[in-house]
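Student: I am new to this structure. Please walk me through it, one question at a time.

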Amino acid sequence: MQEQALVAESMKEALFNPGDVIIAQGDQPDFFYVLEEGTAVAFVMVPGQVDPLEVASYARGSYFGELSFMRNKPRNATVRALMACRCAAIAGETFRTLAAEGTVLRRQLMLEAQTYVNSIF
């Protein structure tokens with residue numbers, strides 16, 4: 001129950017128009033996002049390539065932005081809104097607390113992240 005209160009207190013609404021960049025590759029992480037409405041796509045710029053490589057698409061209920069927090073590294077992809085998007089944004093410090101080492105959430109996210117990484121390589 002304490003975790004739910006923490007999430008509720010720290011969550012804010014984030015609105016994006018079609019074409020807006022929600023997360024930019026190389027930026028430091030600030031928020032973890034849950035897509036409540038709209039669609040978005042993730043892509044990476046690969047050295048030596050002119051066009052970005054699409055690596056994921058997101059729809060209602062999808063989430064993104066967790067890997068940078070869990071690995072303590074800059075964003076590894078850009079996420080752009082395809083349609084108007086409404087996201088629940090959870091501040092980084094709150095997300096780090098919820099997904100700390102040994103938590104159920106962290107284990108679940110790591111498992112999903114590994115499955116995702118294996119699917120694109």
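Tutor: This is a predicted model, where local features need pLDDT of at least 70, side-chain atom pairs count only at pLDDT 80 or more, and totals for chains, interfaces and linings use all residues. Residues are numbered from 1 along each chain as its sequence is written, and side-chain values use heavy atoms, with hydrogens and water left out.

Student: Which residues does phenylalanine 64 touch, not counting residues up to four places away in sequence?

Tutor: Contact means heavy atoms within 4.5 Å. Residues up to four places away in sequence are not counted. That leaves Ile22, Ile23, Phe32, Tyr33, Leu35, Tyr58, Val79 and Cys87.

Student: How many residues does the largest nonpolar core have?

Tutor: A nonpolar core is a set of buried Ala, Val, Leu, Ile, Met, Phe, Trp, Tyr and Cys residues joined through side-chain atoms within 4.5 Å. Buried means under 20% relative accessible area, exposed over 50%, partly exposed in between (1.4 Å probe, protein chains only). Phe64 is among the residues with the most contacts inside the largest core. Its residue count is 20.

Student: How many bridges pair S3 and S8?

Tutor: The two strands pair in the antiparallel sense. Phenylalanine 31 stands opposite alanine 91 in S8. The number of bridges is 6.

Student: What is the strand order of the other open sheet, with S2 and S5 at its edges?

Tutor: It also has 4 strands, with antiparallel pairing. S2 (21-23) and S5 (53-58) each have a single partner strand, so one side of each lacks a neighbour in the sheet. The order is S2-S7-S4-S5.

Student: Which residue stands opposite valine 21?

Tutor: S2 and S7 (residues 78-81) run antiparallel, joined by 2 bridges. The residue opposite valine 21 lies in S7. It is arginine 80.

Student: What is the relative accessible area of asparagine 76?

Tutor: Asparagine 76 is in the loop between helix H2 (66-71) and S7. It touches Gln25, Val44, Leu67 and Ser68, not counting residues up to four places away in sequence. Asparagine 76 is partly exposed, at 43%.

Methods: Two strands pair if DSSP finds at least two bridges between them.
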